[in-house]
Amino acid sequence: MKGPYVSNQPTPARRRCSFCGALAHQVGRLQAGMGSAAICDACVVRLFATLDREAFAVTAPPVSGDAVGLRGGSDDA
């Protein structure tokens, strides 16, 4: 006799994060992507932190004398 939680369906493949390799039961959330790709919540946090650092990184000043690169303001002669 089968219990109420036993299924006749085959066991699904063990899903894992495509970036860190963590299994679905080891992470808080595993978001499926295209095909068999997936990303866990921890990798999403690391990804956003990396993108944030890169977006706000201090870069070298512009090479030209025009610091902002804007033209056509009311002060232009």
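How many disulfides does a search of the whole structure find? The search finds zero, a disulfide being a pair of cysteine sulfur atoms within 2.5 Å.

## Basis of the model

This is a predicted model, in which local features need pLDDT of at least 70 and side-chain atom pairs count only at pLDDT 80 or more, while totals for chains, interfaces and linings use all residues. Residues are numbered from 1 along each chain as its sequence is written, and side-chain values use heavy atoms, with hydrogens and water left out.

## Overall organisation

Helices (H or I, at least four residues) and strands (E, at least two) are DSSP runs, numbered from the N terminus.

Of the 77 residues of the chain, 12% count as buried. Buried means under 20% relative accessible area, exposed over 50%, and partly exposed in between (1.4 Å probe, protein chains only). The chain exposes about 7100 Å², of which carbon and sulfur atoms supply 59%; accessible areas come from the Shrake-Rupley method with a 1.4 Å probe, and for residues only the protein chains shown count as cover.

Cys17 is in no disulfide, and its nearest cysteine sulfur, that of Cys43, lies 3.7 Å away. Cys43 is likewise in no disulfide; for this residue the nearest cysteine sulfur is that of Cys40, at 3.7 Å. Cys17 is buried, with a relative accessible area of 2%, and Cys43 also counts as buried, at 7% relative accessibility.

Cys17 belongs to the segment before strand E1 (30–32). Leaving aside neighbours within four places in sequence, Cys17 is in contact (heavy atoms within 4.5 Å) with Ala22, Leu30, Ala38, Ile39, Cys40 and Cys43.

In soluble globular proteins, nonpolar side chains tend to be buried together. Here the largest nonpolar core has eight residues: Cys17, Ala22, Val27, Leu30, Ala38, Ile39, Cys40 and Cys43. Strand E2 (residues 38–40) provides the largest share of this core, three residues. A nonpolar core is a set of buried Ala, Val, Leu, Ile, Met, Phe, Trp, Tyr and Cys residues joined through side-chain atoms within 4.5 Å.

## A nonpolar surface patch

Leu47, Phe48 and Leu51 make a nonpolar surface patch of about 310 Å². Patches are made of residues with over 30% relative accessible area and no salt bridge, like charges being joined within 9 Å and nonpolar side chains (Val, Leu, Ile, Met, Phe, Trp, Tyr) within 5 Å. A salt bridge is a side-chain nitrogen of Lys or Arg within 4 Å of a carboxyl oxygen of Asp or Glu.

Phe48 is found in helix H1 (residues 41–55) and is exposed, with a relative accessible area of 57%.
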